[in-house]
Amino acid sequence: LKRVTGGFNSKNRCDARTYCYMLPTFAFAHKDRDAQDESYRLSAETLQRVNRLLACYKGTHNFHNFTSQKGPREPSARRYVLEMFCEEPFERDGLEFAVIKVKGQSFMTHQIRKMVGLAVAIIKGYAPESVLERSWGEGKVDVPKAPGLGLVLERVHFEKYNQRFGGDGLHEPLDWAQEEAKVAAFKEEHIYPTIVSTECRERSM
């Protein structure tokens, strides 16, 4: 337990959230050139292209095409993404996976799944890279939605709160540095195995 200020509201004080999205790497296999099954392995070149594409999401954009029932001129459709990248792949039960991480101030319904879905569609060769810029315009773009299976809220950030109160002598910073090992162990023991077994069984991607 940590002492917080009076009237502290975790939802309102949270100034950023980090999500991770775990997916089998054959999701990035090009539709015309690569194997579309468990034998696929993500090359360094393709990973580099994935990360170049994901980096385009950084900054403030109009994400009205990445959610439902949101008009292009609604101020709330504009969202700020601090970072988005794909980590190095790893194997589980003979299948290669990778984890995409995205940090932003806040996200709308389906936004992250559609961000991943559009990146996958471009890498696989179903859509040109130019559709990314077009999706932030006022026109309607049909953005594909990745399955919900691999999406996990990984961390909430209280950076402004920590700057103001974390060193005042009365309150501790709200961070999870001391819990990193436990968090990593929990993911390895419970979250990742569930995603892997469900993906192998249902082939959601």
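**Reading a predicted chain, feature by feature**

Mentor: Let us begin with cysteine 20, which is buried, its relative accessible area being 2%. Buried stands for under 20% relative accessible area, exposed for over 50%, and partly exposed for what lies in between, with a 1.4 Å probe and protein chains only. The model is predicted, so local features need pLDDT of at least 70 and side-chain atom pairs count only at pLDDT 80 or more, while totals for chains, interfaces and linings use all residues. Residues are numbered from 1 along each chain as its sequence is written, and side-chain values use heavy atoms, with hydrogens and water left out.

Trainee: How many disulfides does the structure hold?

Mentor: A disulfide is a pair of cysteine sulfur atoms within 2.5 Å. The structure holds 0 of them. Cysteine 14 is in no disulfide, and the nearest cysteine sulfur, that of cysteine 20, is 15 Å away. Cysteine 20 is likewise in no disulfide; for this residue the nearest cysteine sulfur belongs to cysteine 86, 11 Å away. Cysteine 14 counts as buried, at 9% relative accessibility.

Trainee: What pattern does the chain follow along the sequence?

Mentor: Helices (H or I, at least four residues) and strands (E, at least two) are DSSP runs numbered from the N terminus. The chain has 6 helices and 6 strands, and along the sequence they come in the pattern α-β-α-β-β-β-β-α-α-β-α-α. The C-alpha atoms fill a box of roughly 60 × 45 × 30 Å along the principal axes.

Trainee: What share of the contacts joins residues 24 or more positions apart?

Mentor: A contact means heavy atoms within 4.5 Å. Among contacts with a separation of 6 or more, residues 24 or more positions apart account for 72%. Leaving aside neighbours within four places in sequence, its contacts include Lys11, Val102, Phe107, Leu153 and His157.

Trainee: In which strand is leucine 82, and which residues does leucine 82 touch?

Mentor: Leucine 82 belongs to strand 3 (residues 78-86). It counts as partly exposed, at 31% relative accessibility. Residues up to four places away in sequence aside, leucine 82 touches Lys58, Lys103, Gly104 and Gln105.

Trainee: How is the span of a helix to be judged, and what is the case for helix 3?

Mentor: The general idea comes first: an α-helix has 3.6 residues a turn, so residues three or four places apart point the same way. The expected span is 1.5 Å times one less than the number of residues. Helix 3 (residues 111-124) has 14 residues and reaches 20 Å from its first C-alpha to its last, close to the 20 Å expected. Helix 3 is mostly covered, with 13 of its 14 residues buried. Valine 120 is found in this helix and is buried, with a relative accessible area of 9%. Beyond neighbours within four places in sequence, valine 120 is in contact with Leu23, Ala27 and Phe28.

Trainee: Which residues other than glycine have a positive phi?

Mentor: Most residues other than glycine have a negative phi, and most peptide bonds are trans. Glutamine 69 has a positive phi of about 55° although it is not a glycine. Glutamine 69 lies in the loop between strand 2 (59-62) and strand 3 and is exposed, with a relative accessible area of 82%. Histidine 110 also has a positive phi, near 70°. Histidine 110 is found in the loop between strand 5 (95-104) and helix 3, and it counts as partly exposed at 29% relative accessibility. Just after helix 3, glycine 125 takes a positive phi of about 95°.

Trainee: How far apart are the mean positions of the positive and negative charges?

Mentor: Lys and Arg count as positive and Asp and Glu as negative, with His and the chain ends not counted. The place of a charge is NZ of Lys, CZ of Arg, CG of Asp or CD of Glu. The mean positions of the 31 positive and 28 negative charges are 7 Å apart.
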